[in-house]
Amino acid sequence: MKKSYLLLGLLTVGLAACASEPQASGSADEASTDGQGGDLVIDMGAEAVTLDPHLANDVPSGNVASNIYDKLVNFDGDMNIEENLAKKWEQVDDLTLRFELEEGVTFHDGEPFNAEAVKANIDRVTDPDIASPRGYLFDNISDVNIVDDYTVEIITEEPFAPLIYSFAHNGGSMISPKAIEEDYEAMEAGEKPGSVINNHPVGSGYFEFESWNVGQEIKLVNNEDYWGEPAKLDSVTFKTVPEDGTRLADLETGSAHVSDPFSPSDVERVKATDGLDVIESNSMGIEYIGFNTKKEPFDDKRVRQAISMAIDNEAVIENLLNGYGIPAIGPMSPQIIGFDDSVEPLGYDIEKAKELLAEAGYPDGFETTIWTNDKRERVDLVTYVQQELKQLGIDVKTETMEWGSYLDRTNSGDHDMFVLGWSASTGDADYALSPLFHSMNHGAAGNKSFFDNEEVDQLLEDAQHEMDEEKRMAMYKEVQDILIDEAPLLYTHHKQEVNAISDSVKNLWRHQSGDFKLHDVYIEE
């Protein structure tokens with residue numbers, strides 16, 4: 001059996017920001033008498049968009065939902081694949097992946113977990129009527145064969161090298177079959193996909209859903225009947241607190257334990273405060289400025305190249321992020337499987353940028369807009385870009401909006417330029433590149449630049465089906481070279497996450513995928 005697959009992940013991006021003023025939810029210092037419990041309070045800059053893991057495609061949603069649901073397999077801290085609901089797995093042949101499942105597992109509603117439940121989840125996430133933005137991870141699956149109650153075989157149409165990594169992604173979360181059935185019934189009555197599951201998510205994880213006060217907080221409580229070792233916390237509350245200053249004040253007054261996101265600008269203030277500290281973590285992904293390649297003048301790659309050459313990535317990290325980041329040379333972080341360090345970046349070159357802009361027919365520049373959500377570092381970035389592009393005669397107007405609206409509007413392609421990030425949370429080049437650049441993923445699935453390149457599409461598809469690792473890596477090298485030249489995105493940096501945290505919180509760590517790992521966390525009085 002293949003018990004572990006090594007991914008060499010590290011670096012990147014948590015998407016965040018949003019919503020309205022929170023209401024007080026009591027002191028964060030309440031804890032159980034044995035010192036192994038308490039209500040952990042996390043102030044989040046953005047509210048979850050959905051608690052349906054098949055429909056989520058943002059980090060805030062994943063951070064909440066990952067505590068409600070289990071997956072067949074997980075990534076450990078070093079991005080090795082490890083068992084979860086599946087106790088064994090084997091790549092039987094190029095088209096067949098077999099899982100042997102844990103027995104005696106029940107969902108929060110009492111439904112049994114078995115091979116039928118696995119099939120129901122795969123059928124749903126790949127159902128065109130559900131239109132899952134994460135369906136891409138599993139769309140090569142042709143059949144789900146139930147061998148017996150606790151053995152299931154996944155059959156693909158063609159060899160699909162990234163499949164085991166897909167099952168460790170949050171998109172592979174297992175939902176109660178009863179909740180899935182009720183959600184389909186609601187769809188038949190005219191409701192949107194996910195209406196039932198989002199309002200009452202039912203997984204088999206070590207926390208279960210208690211309540212969602214929209215715009216204010218989501219509360220999860222300890223699943224005392226968890227099939228594995230139970231979590232230590234009594235509950236965890238995710239509060240929606242858009243303002244940086246309010247999140248920091250909550251920490252200082254003890255009404256919250258963790259701030260996410262947390263600005264690097266406030267690191268020294270927190271380190272100088274008794275009872276507070278900062279945790280640092282690497283992540284896997286890219287922060288970028290995107291161009292709408294379907295709109296003039298961004299349909300001309302010379303314009304995209306010129307703007308890319310006018311932004312100094314090292315200055316962004318030093319001046320806006322207090323050094324917390326790594327300059328990007330292309331669309332992938334160095335630790336992602338498939339990254340090639342021989343790729344050549346466009347580089348910072350103002351004079352060349354001016355030449356390219358003149359060749360494209362814009363010697364005096366043009367007017368445009370750049371959008372961002374209300375995360376402080378992104379607001380600072382668009383202000384920096386606005387100033388720097390004046391050197392090219394480009395007049396940039398900025399617009400800041402709340403998270404939900406921002407996602408909707410960038411999904412629909414209304415923008416000129418925009419700021420976002422992508423977390424390559426499977427640690428593999430396929431997930432780092434295909435969602436952002438394959439033409440089938442325009443809009444909500446990830447390709448918000450609406451980039452369309454037949455050569456890139458074909459290379460990405462061929463790499464998915466290539467089981468020879470050396471040949472597969474060569475294809476990704478070629479893709480990276482094309483994407484640097486075509487510049488559908490301005491690749492700025494790979495982030496290093498920082499979070500402010502109370503000293504009373506023990507064992508909290510942040511995974512490279514961006515999720516907080518809460519199983520072993522407790523609050524010490």
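**Exercise 1. Find how much space lies in the largest cavity, and what lines it.**

*Solution.* Start with the volume: the largest cavity holds about 300 Å³ of space. Here a cavity is a set of points on a 1 Å grid over the protein atoms alone where a 1.4 Å probe fits but cannot get out, and lining residues have an atom within 4 Å of a point. Points are joined across faces, edges and corners, and the volume is the space filled by probe spheres set on them. Keep in mind that this is a predicted model, where local features need pLDDT of at least 70, side-chain atom pairs count only at pLDDT 80 or more, and totals for chains, interfaces and linings use all residues. Residues are numbered from 1 along each chain as its sequence is written, and side-chain values use heavy atoms, without hydrogens and water.

Next, look at the lining: 21 residues, with Arg 134, His 169, Asn 170, Ser 425 and Ser 513 nearest the centre. Helix 1 (59–65), strand 2 (73–75) and strand 17 (417–423) each give two or more residues; helices (H or I, at least four residues) and strands (E, at least two) are DSSP runs numbered from the N terminus. Strand 17 has the largest share, three residues.

**Exercise 2. Name the residues that touch the most other members of the largest nonpolar core.**

*Solution.* Such a core joins buried (under 20% relative accessible area, 1.4 Å probe, protein chains only) Ala, Val, Leu, Ile, Met, Phe, Trp, Tyr and Cys residues through side-chain atoms within 4.5 Å. Among its 133 residues, the answer is Phe 99 and Phe 167. Helix 13 (residues 429–437) supplies the largest share of this core, six residues.

Conventions
1 Å grid on protein atoms, 1.4 Å probe; cavity = no way out; pocket = protein on both sides within 12 Å on 5 of 7 lines; lining within 4 Å. Buried < 20%, exposed > 50% of the residue type's maximum accessible area, 1.4 Å probe, protein only.
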